[in-house]
Amino acid sequence: MNKTASKIAEKTGIPSEVISSQPKIEMTGTKSLYIENHRGIKLITHESIIIKFSSGTMTAEGKEITIAEMTREYMLLKGDFISFKFDKILE
Amino acid sequence: MIYISKLWKFFNGYVIISIKGYNIEKLINKALCSGIVIRHIKKDKNIAEAELLPEDFKAFAELCARYRCRMRIVHKNGFYRTLLFMKRNALYTLGIFLSIAVIYALSQMVWIIDIMGNSAIDKHSILETCRNSGLYELCNKNSPDYKKIAEELRIKYKNIAWINISLKGSRVSIRLAEDKPAVKAVTDSEACDIVSTAQCRISYVVTEKGTPLVKKNDIVKEGDVLISAQLVPAGTEENPVTDIVRAKGSVRGILKRNYSFTIPYSINKREYTGRRRTAVFIGTAYRKICIKNARPFSPGEKSEEIIQLRLGEDCPLPFFIYKNIYSEYIEKRVNKDIETAKKEASVHITEFIAQNYDISSDILSVKTRYSEGKECLSVNAEIISDENIGTEKPHTDTGGSTINGTTENSGSG
């Protein structure tokens with residue numbers, strides 16, 4: 001389903017996050033991270049956070065990480081981010 | 001935008017909770033699926049802290065119980081909570097509102113009146129005029145008509161060329177520019193005589209311009225013309241000049257002055273005991289409130305000290321601390337012998353000469369005569385001096401007359 005949606009998005013020029021559940025990640029400097037289309041969190045500590053997406057997970061590492069706001073649609077993270085790592089679910 | 005969201009959050013109210021457990025992430029995910037909005041989630045080890053909306057609290061508490069997490073309320077905040085707090089602490093609320101009211105009332109007053117640009121006009125005189133027009137320290141800043149006051153000041157002081165009164169906060173600035181009187185240009189073409197300032201015997205005459213009417217050893221009265229502006233031809237010139245000029249020259253004369261005074265043999269001298277009392281008042285320039293009262297000594301001396309309160313160097317406040325310092329003294333009778341009185345008289349004469357004689361004057365002699373009385377020593381000093389006696393006076397046709405003089409130029413004496 002995801003693959004088809006991505007192809008349609010590619011052909012029509014519509015942003016892929018609109019028609020598929022692919023995550024959209026916006027970062028402002030190293031202090032703020034805005035994530036859309038998430039599926040919740042797997043783990044949160046002061047130094048790291050693991051966020052679940054439909055396609056896998058993302059691990060963000062840093063200092064004093066907090067979830068400033070969290071709804072079903074989006075998540076706003078605050079902290080001093082150092083590194084990111086993406087793990088894809090093998091299909 | 002952040003501020004609006006914070007304000008919105010404050011009006012809605014929020015609860016800060018602490019969650020303890022091992023399935024916090026799962027709990028948060030479940031809460032999200034249930035439509036519960038969670039903010040500011042922080043987690044350290046197995047304790048998390050988060051913000052919840054009051055309406056989600058009950059649902060979240062049920063979820064906590066299901067996921068075996070312990071929840072505790074850390075803090076409740078919001079507009080409604082604040083209102084409740086204020087209702088319960090009426091005195092505190094009253095204090096806050098009173099403080100706001102006092103700050104507002106104080107900000108409506110004129111605290112400082114600055115006057116800039118005045119040199120000939122006295123500052124206190126301007127302040128007094130302003131006071132009569134309703135502008136004074138601690139008056140309501142909105143009540144005076146500043147344009148009218150500026151106009152009144154301009155009418156009262158004719159030498160004000162420009163004036164502006166502006167209000168900045170609680171400070172009124174009066175800025176003005178004064179008319180500077182045009183300096184009268186003295187030209188050589190202006191006809192002037194040199195006249196005598198005192199009755200004396202001439203000791204020295206040098207004429208640079210004009211006709212000398214006196215010579216050495218002539219005796220002149222006050223106001224006599226010494227050097228005339230009218231040029232008088234000698235008769236030997238080919239083209240005789242009879243112009244009226246500005247007389248220039250130096251004329252010195254020998255003057256005799258008498259100075260009489262008395263030195264009492266015994267005087268009352270104040271001896272301070274060291275006892276002091278201080279009365280302290282606080283107030284404005286027009287009103288005082290007594291903080292500490294003190295009774296004056298009898299006999300005693302009173303001295304005043306005024307300290308203006310200020311916030312830093314550039315911000316004087318319209319409040320003053322007035323100190324009246326009373327010092328006690330004892331009057332003691334001190335007797336002097338004749339020699340001491342004569343010495344004192346000598347010092348007195350020296351001081352008189354230093355104060356009353358010009359630096360260019362030469363003191364030729366001082367003859368002192370003493371007459372001993374019962375209670376005091378009478379002193380008469382005859383001071384003979386050689387000094388400049390010529391001063392410029394606009395030329396008149398009448399001229400002057402000498403008592404015993406001729407019209408020949410004597411040169412130097």
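Trainee: Which residues does B:I38 touch, not counting residues up to four places away in sequence?

Mentor: Before that, some ground rules: this is a predicted model, where local features need pLDDT of at least 70, side-chain atom pairs count only at pLDDT 80 or more, and totals for chains, interfaces and linings use all residues. Residues are numbered from 1 along each chain as its sequence is written, while chains are lettered from A and ligands numbered from 1 in the order in which they are written. Touching means being in contact, with C-beta atoms, placed from the backbone, within 7 Å. On that basis, the partners of B:I38 are A:M70, B:I28, B:A31, B:A50 and B:L52.

Trainee: How many residues of chain B are in contact with chain A?

Mentor: On the chain A side, 14 residues take part. For chain B, the number is 13.

Trainee: And which element gives the largest share of that side of chain B?

Mentor: Elements here are DSSP runs numbered from the N terminus: helices (H or I, at least four residues) and strands (E, at least two). α2 (24-33) and β2 (38-44) of chain B each supply at least two residues. The largest share, 7 residues, comes from β2(B).

Trainee: What is the bridge partner of A:E69 in β2(B)?

Mentor: Strands pair if DSSP finds at least two bridges between them. Here 3 bridges join β5 (residues 56-70) of chain A to β2(B), and the two run antiparallel. The partner of A:E69 is B:R39.

Trainee: How many helices and strands does chain A have?

Mentor: Read from the N terminus on, its elements go α-α-β-β-β-β-β-β. That comes to 2 helices and 6 strands.

Key: Two residues are in contact if their C-beta atoms, placed from the backbone, lie within 7 Å.
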